[in-house]
Every structure is written in C-alpha cells, then in structure tokens.
Amino acid sequence: MIRNRNSLVIDERGKELPEEGLLLFDLSANDGDIHQFAAGHIPSHWHKELEIFLLLEGSIRLGAGDRIYQLQAGEGCFINTEVIHSFTAAVPSPCTYRSFVFDPDIVGGVPGSIFDTAYVRPLLESGVPFLKFQPETEDKCYWEQFQRAFSACLEEKDGYEFQVRDALSRILLYVRAKSQAVPARTAPSARETRLKEMLLWIDGRLAENISVSDIAGAANICPRECQRIFQQYLHNSPIEYVRRKRLFAAAKQLSSTDRPITDIALGCGFSNPSYFSRQFKEFMGSTPGAYRAIAKTAIPAAASIT
C-alpha cells in the first residue's frame, strides 16, 4: 500500500512511531508533497528503520545529523538508522517525493544470517549516516531499483514482497559501494544522547513555562552547551524549537479536533490567545480559524498513483 501522509506520529524523544498494519512486512512506501505537512516542514525525528528518499519535484532542505543538505528534483538520499533528520520545502511550488522507510531485517533476514552479518549489520553499525544520490543519469542503479520497488508496492501482485526485497537489497549494495570514500559512521555522540533527553523533557511540558536553563537541566548540562547542541543538530535555538513544537502541536489539534481555539492555545503553552494567533499566522501563513476551516474542508489526497 502506498501511503500519503500529512503528519508523523513522534514520541517524546523525537522517535517516529510505526503505523499499524506493518508488522508482517515492516515497510512504509510513501508518496506525497512536503507541503502537505504543516508549514511545509517534516519536523526533526529519527527511527530505527532505514529510509531511502527520492525528490520528484521542487527543492527541499534536508537536515541529517548536524548537517543541512539541499536536494533538487531528481535527487535522492539514503538515511541510516537512528539519524535525526527533517525535511523542509525550499520553494512554494510542489515538492513531491517518494520514500521507503523499512526494517533492515527485510533485507538482512534472520539475525546471524550471511545477509545480516556480512552486509546489513556493518551498514547499520559503521556505514554512512547519510548519502546523497544524483539524478538518474549519474546514479542510474538507485533510480531503477527505487522505481522497481515502488511499482511493486503500487501493484501489490502476489509475491510482490520478494520483488521489493530484491530491489532494496540492490540499493543497499549500491549504498555500500558508493560510500567507500565517505567517512564511516561512529557511535552516537554524547551530544546526540543529550539532545534526545532534552526533547523527551520538552515534549512532556509544552503547556508549562520553559527556559533554556530548564531544558539544559534535563540533560545535566549548562545552558550554553544546550544552545550549542540545538544549533548543531536542529539548527535553531532551544526556545525557537519549543515555539515551533507548540505551533505544530496546535496545528495538529486544529485539524483533527473540534476543541475551542483558546483551549488549544492554552494547552500548547500560549497563555495569551491573541499572541498565539499572531504567532500561528506568522508561522503557518493563516489564522488558527482559517487553518482549521481549510483542514476540515480539504479533500484527502489520493493514497496511490494512477
């Protein structure tokens, strides 16, 4: 099944939670537009699954670890397990994409198998955290196998899982070969671990007054180090991150519930409804009421391609 989403389910540590119905064949095939997400932004998150991504139209900024990459139409990327990443539309025109988020065991098979020990496990533990792919003319293998896997998921003919597994295996082999000259992955740094601790602390306290000192205290570091970690990995200040997190939470409630706007504002940490409305309009491009009206009347996007 091809999924078309406009939000992610993320836990308190920024870890993306899997959707229901993916247990037997733990793969999510996605087809959408970055603009379908609030403010044209898929917020920073991480997951234990591998991800391969292909941008079909537009231009995006992709944050991966402590770096930001620019992707243009026709370019793609590989994102290793547990790497913090985000996607942001860089142009107002469509930024359509396709992606696979999948359990490495789909390729590796039974733990301890030759596929797992010789190919998949080394990639997870010491492979590149991120790898960018150029247009089809330069990275033809990536394009061909990506489209092969996507077509199989779209048609879902009997035994399509074997075709998908084979295509993903070939992509990972290509990642392995292409990444020989790229610095190997290292164990998560203390900063990454502390960042996840701080995100966990923030997520449970959005309705409260939050200071940089409070956030830093959650990871037993000083405020200055807290500022450095947020700038390095999330590319904004701790307080800006909190503001955005609150606005995203409010947008989700506006589109999915009938709660009064004032109650949503208070529940998301905005003590002044007027200030909330101004901040929401500045960030989302419309007032809370207008955003809700559009979200409630929008026709759901098709879940597959014809």
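**View 1. Accessible surface of the chain in a predicted model.** The chain exposes about 14,900 Å², with areas taken from the Shrake-Rupley method with a 1.4 Å probe; for residues, only the protein chains shown count as cover. Of the 306 residues, 47% are buried (under 20% relative accessible area, 1.4 Å probe, protein chains only). This is a predicted model: local features need pLDDT of at least 70, side-chain atom pairs count only at pLDDT 80 or more, and totals for chains, interfaces and linings use all residues. Side-chain values use heavy atoms, without hydrogens and water, and residues are numbered from 1 along each chain as its sequence is written.

**View 2. Fold and contacts.** The chain holds 11 helices and 10 strands (DSSP runs numbered from the N terminus: helices H or I, at least four residues; strands E, at least two). Among contacts (heavy atoms within 4.5 Å) with a separation of 6 or more, 74% join residues 24 or more positions apart.

**View 3. Helix α3, residues 140-155.** Its 16 residues reach 23 Å from first C-alpha to last, close to the expected 22 Å (1.5 Å times one less than the number of residues). Buried in α3 are Tyr 142, Trp 143, Gln 145, Phe 146, Ala 149, Phe 150, Ala 152 and Cys 153. An α-helix has 3.6 residues a turn, so residues three or four places apart point the same way. Glu 156 follows α3, with a positive phi near 50 degrees.

**View 4. Helix α5, residues 190-203.** The 14 residues of α5 reach 20 Å, close to the 20 Å expected. Glu 192, Leu 195, Lys 196, Met 198, Leu 199, Trp 201 and Ile 202 are buried in α5. The buried residues of α5 pack against α6 (212-218), α7 (223-233) and α8 (238-256).

How values were computed: Buried < 20%, exposed > 50% of the residue type's maximum accessible area, 1.4 Å probe, protein only.
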